[in-house]
Amino acid sequence: MKVVFACDNSHLSTELSTLANQKWKTVGNVSEPAANLWYRPWEPVGERDLYDRFRRETWERVHPGLPYDGETFYRQALRSALENPWSVVCAMRGDEIAGLLQMDLERYQEDNAGFIYFYYVTPEAREQGLGIQLLGQAVATFRPLGRDRIRLRCSEDNEQGMHFYLKYGFHSLGAAGDSTVPLELMEKRID
């Protein structure tokens, strides 16, 4: 069996969709709701270049001048996807990829926390209220595993990302000690 759609509510009318009526989901000052995203597993072989493009764009924006190690990032994503295909998902807006979410389902489980390894919204989909939907997907993944918190790492130089995470309830736990670049380890309760 191959799952074609998961977590999709595009068949619901605006009146029935609780997501469509959320205030945070409107685009800027426009009262029309942003698009609902649906998720599918990332294809490690066929979409390797896509993953590398997203990772490289993020790395070069946040860590200009530092060497980019795409092979290490890809191997980690591949390992996660082979362990559980739903740990690396493409956020889809219709037929277009609007983002990518990579989760590590084992990291920090001893602390009852889930870990978001990579959180990406495409430039075309930014500033449209879609980023929060990826966070919702992470919550929907980690809650059934009994996790009551989500953690991720963010560079202080990533002003847009830091603003987003703070806005949606993350707080810093301090410097991430397992990183080769300066990153903050951030956490949000999801219980």
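**View 1. Glu60 and Arg56 join their side chains in a salt bridge, with 3.5 Å from N to O.** Welcome to this predicted model; we begin on helix α1, which holds both Glu60 and Arg56. The two residues are four apart, about one turn of the helix. Glu60 is partly exposed, at 44% relative accessible area, and Arg56 is partly exposed too, at 35%. Side chains of opposite charge can pair when their charged atoms come close.

View 2. Helix α2 covers residues 70–83, and its Arg79 and Glu83 are four residues apart, about one turn of the helix. How accessible is Arg79? Its relative accessible area is 35%, so Arg79 is partly exposed. Glu83 also counts as partly exposed, with 46% relative accessibility.

**View 3. Glu187 and Arg151 meet through their side chains in a salt bridge of 2.7 Å, N to O.** Here the pair links distant parts of the chain, 36 residues apart: Glu187 belongs to strand β7 (residues 184–189) and Arg151 to strand β5. Through shared partners, salt bridges join Glu187 and Arg151 into one network with Asp111, Asp148, Arg149, Arg189 and Asp191. The structure as a whole holds 15 salt bridges.

**View 4. Aromatic rings pair up in this model, and the count comes to 14 aromatic pairs.** Take Phe54 and Tyr120: their ring centres are 4.3 Å apart and their planes meet at 20°, so this pair is stacked. Which parts of the chain does the pair tie together? Phe54 sits in helix α1 (residues 48–62) and Tyr120 in strand β4 (residues 113–121), so the pair connects parts that are 66 residues apart in sequence. Phe54 is buried, with 3% relative accessible area, and Tyr120 counts as buried at 4%. Both residues belong to a cluster linked by ring pairs, along with Trp42, Tyr51, Tyr74 and Phe118.

**View 5. Two arginines lie over aromatic rings: Arg55 over the face of Phe73, and Arg107 over the ring of Phe115.** For Arg55, the distance to the ring centre of Phe73 is 4.0 Å. In the other pair, the charged end of Arg107 is 4.4 Å from the centre of the Phe115 ring.

**View 6. The largest nonpolar core gathers 29 residues.** Those with the most contacts inside this core are Leu101, Ile116, Tyr119, Leu134, Leu135, Ile150 and Tyr165. Elements giving two or more residues to the core are β2 (88–93), β3 (96–104), β4, α3 (131–142), β5 (149–154) and α4 (159–167). Which element gives the most? That is α3, with six residues. In soluble globular proteins, nonpolar side chains tend to be buried together.

**View 7. Leu135 has contacts that include Ile116, Tyr119 and Ile150.** Setting aside neighbours within four places in sequence, Leu135 also touches Tyr168, Phe170 and Lys188. Another core lies apart from the largest one. This other core has 26 residues, among them Trp38, Trp59, Tyr74 and Ala81.

How values were computed
Residues are numbered from 1 along each chain as its sequence is written. This is a predicted model: local features need pLDDT of at least 70, side-chain atom pairs count only at pLDDT 80 or more; totals for chains, interfaces and linings use all residues. Side-chain values use heavy atoms; hydrogens and water are left out. Rings of Phe, Tyr and Trp (its six-membered ring) pair if their centres lie within 6.5 Å; planes under 30 degrees apart count as stacked, over 60 as edge-to-face and the rest as tilted. Buried means under 20% relative accessible area, exposed over 50%, partly exposed in between (1.4 Å probe, protein chains only). A charge sits over a ring if NZ of Lys or CZ of Arg is within 6 Å of the ring centre and within 35 degrees of the ring normal. A nonpolar core is a set of buried Ala, Val, Leu, Ile, Met, Phe, Trp, Tyr and Cys residues joined through side-chain atoms within 4.5 Å. Contact means heavy atoms within 4.5 Å. A salt bridge is a side-chain nitrogen of Lys or Arg within 4 Å of a carboxyl oxygen of Asp or Glu.
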